[in-house]
Amino acid sequence: MTTQKAVALRISNLLAKNNLTQYALCQKIAMPEETLRSIINERYKTVKLDTIILICDGFNITIQDFFNDDIFKRENLDVD
C-alpha cells in the first residue's frame, strides 16, 4: 500500500477507535476540515510531519504511537 493510503487508514482507524468525527478532530486541533478530508481521501501525495504531529496531538498520542502499527511495517508499504 502507498504511504498516503497507510496514513489515511491510520487516521480513519484512530477516528473510529476514539469515536471522533473528522469535524470534531479538526475543531480540537484547529485544522481546516478540508485539509483532513484531503489527507483521508489521499488527495495529497505527501503529508508533512508537522501535520501528522498536529493530528497526533488531537488523539493525545505520540508520533511513535501513530507509526507503531502494522500498517507501517516496511513489507506492507510500496515505497519507490
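Glu34 sits at 37% relative accessibility, so it counts as partly exposed (buried means under 20% relative accessible area, exposed over 50%, and partly exposed is in between, with a 1.4 Å probe and protein chains only). Keep in mind that you're looking at a predicted model, where local features need pLDDT of at least 70, side-chain atom pairs count only at pLDDT 80 or more, and totals for chains, interfaces and linings use all residues. Residues are numbered from 1 along each chain as its sequence is written, and side-chain values use heavy atoms, leaving out hydrogens and water.

Now, who does Glu34 pair up with? Its partner is Arg43, in a salt bridge whose closest N and O atoms are 2.8 Å apart (a salt bridge is a side-chain nitrogen of Lys or Arg within 4 Å of a carboxyl oxygen of Asp or Glu). Arg43 is partly exposed too, at 47% relative accessibility.

Arg37 is partly exposed at 30% relative accessibility, and Glu33 is partly exposed at 28%.

Across the whole structure, a search turns up 6 salt bridges. One of them joins Lys5 and Glu42, with the closest N and O atoms 3.5 Å apart. This pair links distant parts of the chain: Lys5 is in helix H1 (residues 3–17), while Glu42 is in the loop between H3 and H4, 37 residues away.

Next, look at how H3 meets its neighbour. The axes of helix H2 (residues 22–29) and helix H3 (residues 33–40) come within 9 Å and cross at roughly 125 degrees (axes are lines fitted to C-alpha atoms, for helices over the stretch in contact, and angles run from 0 to 180 degrees between N-to-C directions). That makes H2 and H3 oblique to each other, since angles under 35 degrees count as roughly parallel, over 145 as roughly antiparallel, 65 to 115 as roughly perpendicular and the rest as oblique.

Finally, follow the chain to Ile53, which lies in helix H4 (residues 49–59). Ile53 is partly exposed, at 37% relative accessibility.

Key: Helix = DSSP H or I, 4+ residues; strand = E, 2+ residues; numbered from the N terminus.
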